[in-house]
Structure formats: structure tokens, C-alpha cells
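I opened this model to look up its fold, its cores and a few loop residues. My entries are kept in the order in which I looked.

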Amino acid sequence: MTAMIVGLTGGIGSGKSTIANLFGNLSVPIIDADIVAREVVAKGSPLLTKIVAHFGKAMLTPEGELNRPALRQRVFQSEEEKTWLNALLHPTIREAMFHQLRAIQAPYVLWVVPLLIENQLTPFCQRVLVVDVEPEIQFTRALARDNSQSETIKNIMNSQVDSDTRLRYADDVIENNKPLNENLDALTQQVTALHQQYLTLSQYYSKKEEK
Ligand code: ADP
């Protein structure tokens, strides 16, 4: 038996991790594409060696870990380098994610994927949950969180689908414009209601799977 897959997506800084944590509080298993993407380029991994061979030693921190801001800077300046990196990383990340998804023993799993729509992964989801936020708020939050330049955040936002496109794929939407200190209770309630809905839907899904 495989778990029903709920894809959680949204732009950079929209609040995916924040919402995923609320599902985590309800003991929902979570597979986060960003975490898997970090695992495949861990210190000493074959993929990290290939990245350093291509872009140089500046891609490593003094500890021998991947220098993510440096790599991000490089690939968002060049479409060609971005394509090269994606071709290197995506098959391994995909394989690792599907391996982890198949191993889940639960009614459903929350699959957190920033580029769910861009990378055409929605067909693998039984349900798509979008975190939606105004672009200005998104930019401010992403900038405050990341150690990146505003230009880098802007480039990332421009490389992702816009809110209208994302919403066309959504079965469910969580709007995350209000500050958390005012809105955490409402978000928690919405997540709890979605959780109930997904538990119900997962029963139909597992019946279908049995056939
Ligand atoms: P994502 O995972 O989509 O990139 P995060 O959940 O990390 O986004 O949120 C981006 C940043 O904004 C984080 O620092 C987070 O703590 C903050 N944040 C998220 N939602 C809110 C909110 N409603 N009010 C204030 N800050 C928020």
C-alpha cells in the first residue's frame, strides 16, 4: 500500500515550511524536496564532487560543504549553467524522493516541493495544496530569511510560475498574507480542517489502490 500524496507548493518565502510544520504537529509524515536536494549533495557525495569539478572550489565552504549561496549566484546568472545543474541533480533528487514516498506507511504524506508545477510533478499528487501570498510580502519575508541579495530573490521569484498559474493547479489554498502573530490560530485551524479532509480522502484512495 502506498500513501496518498498531498503536494504542498508555493513560491520562495510563501510559507511552505511554516505550513508544513503545522501538519507536522499533527504527526503527518513530510517529505521536503529541499531537504532531499541537500542530502544528495552532502559533504563527500559524488554529486558534490561533480559540482566542484564544474564550477570550481569556490563552491565549497571551508568545512567542505556545498556553498549554496555561491552556487545559487552562479546558476541564476546563466540559463546554460542552470540547465547543466538541473540535468545533474534532478534525476537523483527525483529518484530519492520517490523512494522515500513509496516507503511511507500512513494515510497520506505531505510532499513539500517548491517547483511542483514548474517541474511537472502535479500528476504524481492526488491533491495539490498551494500556499499563496502577495509578491511584495513574499519578497520581504524571503529577503529577511535568506542571506541573499535582493537581486537573487527577485531572479528566483521571476523564474517561478506566478500566483495565478499556481492557483490553477490548486485543489486547496492557504492564504498567508497576514502576520503570524495575528494569524497563527486561523492557520492552525485551516490546517486541522484540511488534515481531516485528507484523512477522509485517503480512505477512498486506499480502496482504489486495492483494486
Ligand atoms: P518557504 O518555505 O515557502 O520558502 P517559509 O515558511 O520559510 O517559506 O517562510 C519564509 C519566511 O517568512 C520565514 O522566515 C518564516 O518564518 C516567515 N513567515 C512565514 N509565514 C509568515 C507569516 N504569516 N507572518 C510572518 N512571517 C512569516
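The entries below go from the whole chain to single residues.

**Ground rules.** I am working with a predicted model, in which local features need pLDDT of at least 70, side-chain atom pairs count only at pLDDT 80 or more, and totals for chains, interfaces and linings use all residues. I number residues from 1 along each chain as its sequence is written, and side-chain values use heavy atoms, with hydrogens and water left out.

**Fold.** I looked up the secondary structure and found 9 helices and 5 strands. These are DSSP runs numbered from the N terminus, with helices being H or I of at least four residues and strands E of at least two. The order along the sequence is β-α-β-α-α-α-α-β-β-α-α-α-β-α. The radius of gyration is 18 Å, close to the 17 Å from the globule rule for 211 residues, so the protein is as compact as a globular protein of that length. I note that this radius is taken over C-alpha atoms and that the rule is 2.2 Å times the number of residues to the power 0.38. Along the principal axes, the C-alpha trace spans about 50 × 40 × 30 Å.

**Contacts and surface.** I took contact as heavy atoms within 4.5 Å. Of the contacts between residues at least 6 apart in sequence, 74% join residues at least 24 apart. I count 41% of the 211 residues as buried, where buried is under 20% relative accessible area, exposed is over 50% and partly exposed lies in between (1.4 Å probe, protein chains only).

**Cores.** I next looked up nonpolar cores, meaning sets of buried Ala, Val, Leu, Ile, Met, Phe, Trp, Tyr and Cys residues joined through side-chain atoms within 4.5 Å. The largest has 34 residues, of which Ile 51, Leu 71, Leu 89 and Trp 111 touch the most other members. Elements giving two or more residues to this core include helix H3 (46-55), helix H4 (68-76) and strand S3 (108-112). Helix H5 gives the most, with 7 residues. Beyond its neighbours within four places in sequence, Leu 71 contacts Ile 51, Phe 55, Met 59, Leu 66 and Leu 85. A second, separate core has 19 residues, among them Val 6, Leu 8, Tyr 108 and Val 131.

**Loop between S1 and H1.** Ile 12 sits in the loop between strand S1 (4-9) and helix H1 (16-25). Is Ile 12 buried or exposed? Ile 12 counts as buried because its relative accessibility is 9%. Residues up to four places away aside, its contacts include Arg 72, Gln 138, Asp 146 and Ile 153. Ser 14 is in the loop between S1 and H1, and is buried at 1% relative accessible area. With residues up to four places away left out, Ser 14 touches Val 131, Val 133, Gln 138, Arg 141 and Asn 176.

**Positive phi.** I then checked backbone angles. Most residues other than glycine have a negative phi. Ser 27, in the loop between H1 and strand S2 (30-32), has a positive phi near 65 degrees. Ser 27 is exposed, at 64% relative accessible area. Gln 120, in the loop between S3 and S4, has a positive phi near 55 degrees. Gln 120 is exposed, at 62%.
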